[in-house]
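Have a look at the structure first, then read on.

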Amino acid sequence: MIEKEDVFKIGRFAKPHGIKGELSLITNRDLEGDAEDSYLVCEMDGILVPFYIEACRYKSDSTSLVKLDGVDSEEEARAFVNKDVFYPIDAVDEDDWLGEMTWNNIVGYSVIDASNGFLGKVVDVDESTLNVLLRVDREGGELLIPAVEEFIEGMDRENSILKVSLPEGLLDL
């Protein structure tokens, strides 16, 4: 069974393309370059379900046309409209992980600062402004950390730990 921590969101299916089951996928991920037997995951009736990619091609910089194995008509493709699309974490090279993830993938992670140690757990991601903020529960209070890759020293996915090095004075704000 696929669990939420085994995947990360890469986009969303928009609408069927044509009558043979192709779907428009809004994403910034290059699916064409992935290995054979790659698959996408969608939540269907509350369960994460894998769907093998039969074919994939670019339509634009942010849209790929994806043909899923077993989805062979426009009517079958409609079941995927507006569904979030996930990709298996284990299919991503560790060096590429930060470039592939979204900030929402680290909700629940423990934040450990190089100078101050354990800061708390990420409880939410605020994307309502241009500057994305990680909301961290720090001893019952809220700590807002700018979500910028420059602050990240490393990530331990297996233990859900985000290692950061925050600038001096940020914790005093």
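Two strands count as paired if DSSP finds at least two bridges between them. The elements themselves are DSSP runs numbered from the N terminus: helices (H or I) need at least four residues and strands (E) at least two.

A word on the source: this is a predicted model, where local features need pLDDT of at least 70, side-chain atom pairs count only at pLDDT 80 or more, and totals for chains, interfaces and linings use all residues. Residues are numbered from 1 along each chain as its sequence is written, and side-chain values use heavy atoms, with hydrogens and water left out.

**The barrel**

Let's start with the hairpin. E1 and E2 make one, with four residues between them, and Gly18 in the turn has a positive phi of about 80 degrees. E1 covers residues 7–17 and runs antiparallel to E2, joined to it by five bridges. On its other partner, E2 is again antiparallel, with five bridges to E5 (residues 63–68).

Here's who faces whom:

| Residue | Stands opposite |
|---|---|
| Pro16 | Leu23 in E2 |
| His17 | Glu22 in E2 |
| Leu23 | Val66 in E5 |

So much for the pairs; now the wider picture. The strands E1-E2-E5-E4-E3-E6 close into a six-stranded barrel with antiparallel pairing. From one strand to the next, the twist averages 50 degrees, taking axes as lines fitted to C-alpha atoms (for helices over the stretch in contact) and angles from 0 to 180 degrees between N-to-C directions.

How covered is strand E2? Five of the six residues in E2 (residues 22–27) are buried, where buried means under 20% relative accessible area, exposed over 50% and partly exposed in between (1.4 Å probe, protein chains only).

**The open sheet**

The other sheet is open and mixed in its pairing: six strands in the order E10-E9-E8-E7-E12-E11. At its edges sit E10 (141–146) and E11 (152–156), each pairing on one side only. Neighbouring strands here are turned by 35 degrees against each other on average, direction ignored.

Inside this sheet, E7 runs antiparallel to E8 (residues 117–126), with four bridges between them. Ile112 stands opposite Phe118 in E8.

Ser110 belongs to E7, which spans residues 110–113. Why does Ser110 count as buried? Because its relative accessibility is 13%. Beyond its neighbours within four places in sequence, Ser110 is in contact (heavy atoms within 4.5 Å) with Phe118, Gly120, Lys121, Ser160, Ile161 and Leu162.
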